[in-house]
Amino acid sequence: MPTLKTLLKIVFSVTLATGSLAGVGSSASASSVSEISTWILEPAKQQLTNPQTKQKQSTVRQKNKSTKPNQNRTKSKKVNRSGKRNSKRANKRNDDMSWVNMQNKYPGTFVMSGSRDKRNVSLTFDDAPDPRVTPEILDTLSQYHIRATFFIVGDRAAKHPELVKRIMREGHVIGNHSYNHAVLSKLPLAQFQQQIWKTDGIIKRIVGVSPRLVRPPYGEMKPQQIAWGKENGFTVVNWDVDSEDWRNNPSSARVLANIKKTLQPGSIILQHAGGGDRQDLSGTIHALPVLIEMLQGKGYNIVTLPELLGRKAYR
């Protein structure tokens, strides 16, 4: 294949020959050579450089069009599928642990209320004993001759055994509220069992009884834990009326309003006779006499949980 220089020589010779035939001067011939050489050189440059560049650009575009979107779609599908799987698992856990499902699955073992046929209700107090709150609750109950149910935290009972004895002595019922207020649904079965048995042992040493009634902190238990409770003669008792006295240190008026919202025959009313260092339960203390008089004024009988549920208190 002739080189560029050879081509230029040929064109130059042809141009001169043509120019002499056509009568064109030498300056015109030089100009023509310059234009022709430019015309020849530009395509030569394009031919040498552009095809490779275009091929690379085309390849990149093809990769961008064909691979990146597919990769994104693949990743998106993986994320979506993973998200759906996680969402389904979470929904299944929530369904398994829903109070309604557990009540249906373990009737008589997991309860939230008593019979709706009689105007009976139960006052229940969690997180006892607490020297700041429990004595005042007991004083009011004694004044009105009302018996309630106290769910005892094991490590608190060990520190304040005299209050546990007073609860028992004044005719109230004692239930098991775990050893240190753990979230039972987050514990393996063995650790969950330890929470129950350890508290059971402390209560038995103080007052000589082993409670049948268990209330999980925060109302949370796993189905396998309830199944274990059933096998061992326990009744898990939650509630259908929440005073929400644990939320933001409410006033007595707020506590009473919260109770009225869902109160009905057979209700189990949740309140607290103990709390954390920053918790102020004065709203509960001041609301209690008003609550008792309101319930009695509406024709309710205030009974203990064993009376409401027709279950034995102790094993």
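Y218 is exposed, with a relative accessible area of 52%. The model described here is predicted. In this model the protein chain holds 12 helices and 9 strands, and buried residues account for 40% of its 315 residues. Among contacts in the chain with a separation of 6 or more, 78% join residues 24 or more positions apart.

**Backbone features in loops**

- Y218 is found in the loop between β5 (213–214) and α9.
- Although Y218 is not a glycine, its phi is positive, at about 65°.
- H181 also is not a glycine, and it has a positive phi of about 60°.
- The loop between β4 and α8 is where H181 is located.
- H181 is classed as partly exposed because its relative accessible area is 23%, and partly exposed covers the range between the buried limit of 20% and the exposed limit of 50%.
- The peptide bond that joins A128 and P129 is cis, with omega about -5°.
- P129 belongs to the loop between β2 (120–128) and α5 (134–143).

**Strands β3 and β4**

- Strand β3 (residues 149–152) pairs with β4 in the parallel sense, and the pairing runs over 4 bridges.
- Within this pairing, F150 has I174 of β4 as its bridge partner.
- Strand β4 (residues 173–176) is covered on both faces.

**Helices α8 and α9**

- How closely do the axes of α8 and α9 come, and at what angle do they cross? The axes of helix α8 (residues 189–207) and helix α9 (residues 223–231) come within 11 Å and cross at roughly 45°.
- The two helices are therefore oblique to each other.
- The crossing of α8 with α9 is right-handed.
- From α8, the residues L189, F192, Q193, I196 and W197 take part in the contact, and they meet Q224, Q225 and W228 of α9.
- The residues of this contact comprise 5 nonpolar and 3 polar, with no charged residue.

Note on methods. Residues numbered from 1 in each chain as written. Predicted model: local features only at pLDDT ≥ 70, side-chain atom pairs only at ≥ 80, totals over all residues. Heavy atoms only, no water. Axes fitted to C-alpha atoms, helices over the stretch in contact; angles between N-to-C directions. Parallel < 35°, antiparallel > 145°, perpendicular 65-115°, else oblique. Left-handed = near helix turned anticlockwise from the far one by under 90°. Contact = heavy atoms within 4.5 Å. Nonpolar A, V, L, I, M, F, W, Y, C, P; charged D, E, K, R; others polar. Buried < 20%, exposed > 50% of the residue type's maximum accessible area, 1.4 Å probe, protein only. Pairing = 2+ DSSP bridges.
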